[in-house]
Amino acid sequence: MVENENKKVILYIFIAYIFSIAVRFIWVYQFKDVSMFKFNGQFMINTNDGYFWAEGARDILAGFHQLHDLSPVDSAASKLTALFVKILPFSFETVIFYMSTFLSSLVVIPIILISQSIKKVEVGLIAALLASIAWSYYNRTMSGYYDTDMLNIVLPVFLLWSIILAFKTKEEKYLLFTALDILVYRWWYPQSYALDFSMFGLILLYILVFDRKNFYLYKLLSIMLYAMMMTSIYIRFPAVLILYIMFKDKKYDKYLLYIFLVGAVGFFLTGGFSPIWSQLKGYVFKTKVSKEDKGLGLHFFTVMQTIREAGKIPFETFANRISGNVITFFISVIGYIWLTYKERVFLLALPMLGLGFLAYVGGLRFTIYAVPVLAFGIAYLIVQIADYIKDIKLRYTFMVIATLAILYPNIIHIVRYKVPTVFNSSEVAVLEKLKKIASREDYVVSWWDYGYPIRYYADVKTLGDGGKHSGAVNFPLSFILTKPQDVAAKMARLDVEYTEKDFKIIDENKSKLFDKKRLPSTIEQMTVDYGYKDSNDFLSSLKTDIKLPKKTRNIYLYLPFRMINIFPTIELFSNLDLMSGDRFRQHFIFQSSRFVQNKSIIDLGSGVKILTKEGKIIVGDKMVNINRFVETIYDKQGRLHVKVDRIDPSSSLNVIYMKNYRRFLVVDNAVYNSTYMQLFVLQNYNKKYFQPVILTPWAKVYKLKI
Ligand code: MG
C-alpha cells in the first residue's frame with residue numbers, strides 16, 4: 001500500500017514536472033524563428049535584472065572582475081549559474097535562458113509531497129499542475145525569466161513541507177530539513193527572512209496557545225532561530241548540525257530552554273528585526289520626493305512613482321495573477337478555508353498567503369507567494385467534491401474536467417503572453433562592438449534601465465542599473481540625456497569621477513564603521529566643492545567654463561532608439577528644483593507612429609495635426625507655427641541624412657519625421673536641443689564634446705571628449 005502510494009507520488013511528480021516544463025516551451029516555440037531575439041544562436045533572456053546575475057556568473061567563470069564594477073560575484077544566483085555552466089554541456093546563453101524553466105518547475109515536488117502527508121495525492125497533482133503555471137508564477141519564471149524568482153517559491157514550499165511533516169511526524173530529520181531549507185533559502189534570497197520569520201512567529205503562537213509542553217516544537221523553533229540568525233552561513237550551518245545531533249539525544253533535553261534563549265538573544269543581537277522593517281517601508285510607504293536629511297537637504301524624484309510593481313493594482317488583476325481567474329480565486333479561498341478546517345497544519349501556509357495578499361497594496365510582484373497556497377485550496381475542493389461521486393469513472397471525469405477548467409485561463413494567458421527579450425540582436429551587436437573598443441574600467445552612461453545589459457554585453461562600468469536608481473543617482477543620468485550637449489558632457493565627466501571618488505572614500509573608511517548611506521549625493525558634493533550653497537547655482541555654472549576633475553578613464557554614451565519611448569519619464573528626474581523639490585513645467589514631447597496623411601494635413605492622432613502647406617501645427621485647440629520641420633532618412637549605406645526646414649525660428653515647437661522608423665516627434669525647443677535628441681535622432685553632435693563611435697539605427701554610441 002505504502003509502496004504503491006510512493007510510486008504514485010513519483011509518477012505524479014514526473015507528470016507535473018514535465019507539464020510545467022512543456023508549458024514553458026510554448027514561448028520558445030512561438031519565437032523559434034525570430035532571430036532578433038537570439039544571440040550566439042540562443043534566445044536572450046527577457047528580464048532586465050537577469051543580466052545582473054549573468055554578469056556575476058560571467059565574471060566568476062572568467063576568474064576576475066574590476067574593483068567597483070558592481071558585479072555580483074558573491075551572489076547565490078551567479079554562483080549557481082556558474083556551476084551549471086561548468087558541469088552541464090550547454091553554452092552560457094543556454095543555461096541562463098533555461099534555468100528558470102527547469103528550476104521553477106521543481107515547485108511541483110514539495111506540493112505533491114505535502115499532499116502525501118494528508119493522504120490525498122490527487123490534491124497535490126492538481127495543485128502542482130495549477131501552481132506551476134498559474135499566471136503570475138508563470139510570468140516570473142517563464143523561459144528566459146532568469147531571476148531569483150525561479151527558486152523563490154520552490155524553497156518556501158519545501159520549507160512548508162518540512163514544517164508540516166515536523167508537526168505531523170515529530171521526527172528529528174524534519175528539524176534538520178527545516179533548518180537546511182532556511183539556510184539555502186537565505187543564501188539564495190536574503191530577503192527570504194521575512195517569510196521564515198513569520199512562519200517562526202506562527203509556530204511560536206501555536207505553542208503558546210495550544211501546546212506549551214511540546215518539547216519537539218521548542219526544538220523546531222530553536223533550530224529555526226539558529227538558522228535565521230544574521231551571521232555567516234559558516235557559523236549557522238555547523239550550529240544547526242550540532243543542534244540536530246543534540247536534539248536526537250534525549251539527555252540534552254534539559255538544556256533546551258538555554259539553547260532556545262541563547263538562540264533568541266543571538267538572533268536579536270545579530271540584527272534580526274531590521275530587514276523586515278526596511279523592506280516594508282520601501283514598498284508600502286511611498287513618498288513623492290525623497291529628502292536628504294542632512295547637508296544641503298536636496299530633494300530628488302524617486303523611482304518608486306514610476307515603477308508599476310510598487311503601484312496599487314485592481315482587484316481583478318490581483319485575482320487573475322494568483323489563480324488565473326476571479327472565480328477560481330474565490331473558489332480557491334473557500335477551498336483553502338475548508339482545507340485548513342480539516343487539516344490545521346495548512347494554517348502554516350498563512351505567511352505565504354499573507355505575503356501574496358500584500359500584493360494588493362504593496363505591488364504586483366508578491367502575488368506569486370499566494371499561488372501555491374490557493375492552488376492547494378481549489379485542488380482540495382475539487383477532490384473533496386469528487387469524493388461524493390460514487391461512480392469511479394464519473395469521479396475521475398469530474399476531476400479531469402475541473403482541473404482543465406482551472407488550467408484553461410492560465411494557458412490562454414501564457415499563449416498570449418508574448419514578452420520580447422530585453423534587447424534585440426541589433427542592439428546587442430552594438431554592445432558587443434563597444435566591448436572591443438572600451439576598456440573594462442570605462443564608464444558607459446545611459447538610462448538605468450539599460451545598466452545591467454550594458455555591463456553584461458560590453459563589460460564596462462555604469463552609473464545606474466536595476467539595483468542602483470535612486471533619485472540622487474538618476475538625477476545626473478537624466479540631466480546628461482535631457483539637457484544640452486555642453487552641460488551634459490560636463491555632468492558626465494563630473495558624475496563618473498565623483499562616483500569613483502565615493503567608492504574610494506568608502507574603501508578608505510571601511511574599518512571605521514562608516515555608514516556609506518551618509519555620503520552626500522554626487523550632486524551635493526559637486527555643489528559644495530565648487531563653492532555653492534544652492535545646487536541650482538552650481539548647475540547653472542556648468543554653462544560656464546568650469547574646471548573639471550581629472551580624467552581617469554573614458555566615458556561613452558549609449559543611446560538606443562527605444563529610449564525615445566521613455567524620454568518623458570527620464571526627464572522627470574532632472575526637471576525639478578533640487579533645493580525645494582518643486583517640479584518645473586514639463587517639456588513638450590509628443591510621438592506618433594500611427595498617422596494619416598490627407599493631402600496637406602498629417603493627422604498624428606490625439607488632436608495633433610500638421611498643416612504642411614501653412615507650416616503650422618494644431619495641438620488640441622491651439623494652432624502655432626512650426627519652428628523646424630525635420631526629416632531624417634538612412635541611405636542604403638546606413639548613413640543618416642537630416643533635412644531641416646526652418647519655418648519660424650521664434651516658435652517653440654519642432655516636428656521631426658523619422659522616416660525609417662515611421663515615427664513623428666513633436667518637441668519643444670528644450671527637448672529638441674537635448675543631448676539624446678541631438679545625438680541619437682539628428683546625429684548633430686558638438687565636436688568639442690563628443691565623437692561618434694558606433695552609429696546604427698538601433699543604438700548609437702558616442703565617446704566623451706572631455
Ligand atoms: Mg566588469
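**Domain 2 against domain 3**

I started with the contacts: 32 residues of domain 2 touch 34 residues of domain 3. This is a predicted model, so I'm reading an interface as the predictor built it. For bounds I have domain 2 at 425-571 and domain 3 at 586-704, with domain 1 covering 2-416. I also looked up the spacing of domains 2 and 3, and their C-alpha centres sit 27 Å apart.

**Area**

Next I wanted a size for the interface. Accessible area lost when the parts come together is often the number quoted. Here about 2,900 Å² is buried between domain 2 and domain 3, and carbon and sulfur atoms supply 67% of that.

**Polar side of things**

How many salt bridges cross from domain 2 to domain 3? I got zero by the rule. Polar contacts do turn up between these two domains: I noted 16 residue pairs, both partners at pLDDT 80 or more.

**Who lines the domain 2 side**

I then listed the elements of domain 2 that put two or more residues against domain 3: the helices α22 (425-437), α24 (471-482), α25 (485-508) and α28 (567-572), plus the strand β7 (555-560). Which of them gives the most? That is α25, with seven residues. Sorting this side of domain 2 by class, I have 20 nonpolar, seven charged and five polar residues.

**Confidence check**

Last, I checked pLDDT. The chain averages 92, and 94% of its residues reach 70 or more. I flagged residues 286-293, where pLDDT stays under 50. The model still gives that stretch 25 contacts beyond four places in sequence. By numbering, 286-293 falls in domain 1 (2-416).

Note on methods:
Residues are numbered from 1 along each chain as its sequence is written. This is a predicted model: local features need pLDDT of at least 70, side-chain atom pairs count only at pLDDT 80 or more; totals for chains, interfaces and linings use all residues. Side-chain values use heavy atoms; hydrogens and water are left out. Domain bounds come from an automatic or database domain assignment. Contact means heavy atoms within 4.5 Å. Buried area is the accessible area (1.4 Å probe) that two parts lose on being put together, summed over both. A salt bridge is a side-chain nitrogen of Lys or Arg within 4 Å of a carboxyl oxygen of Asp or Glu. A polar contact is a pair of N or O atoms within 3.5 Å; within protein, one must be able to donate a hydrogen and the other to accept it, and residues adjacent in sequence count only if both atoms are side-chain atoms. Helices (H or I, at least four residues) and strands (E, at least two) are DSSP runs, numbered from the N terminus. Ala, Val, Leu, Ile, Met, Phe, Trp, Tyr, Cys and Pro count as nonpolar, Asp, Glu, Lys and Arg as charged, and the others, Gly among them, as polar. pLDDT is the predictor's confidence in each residue, from 0 to 100.
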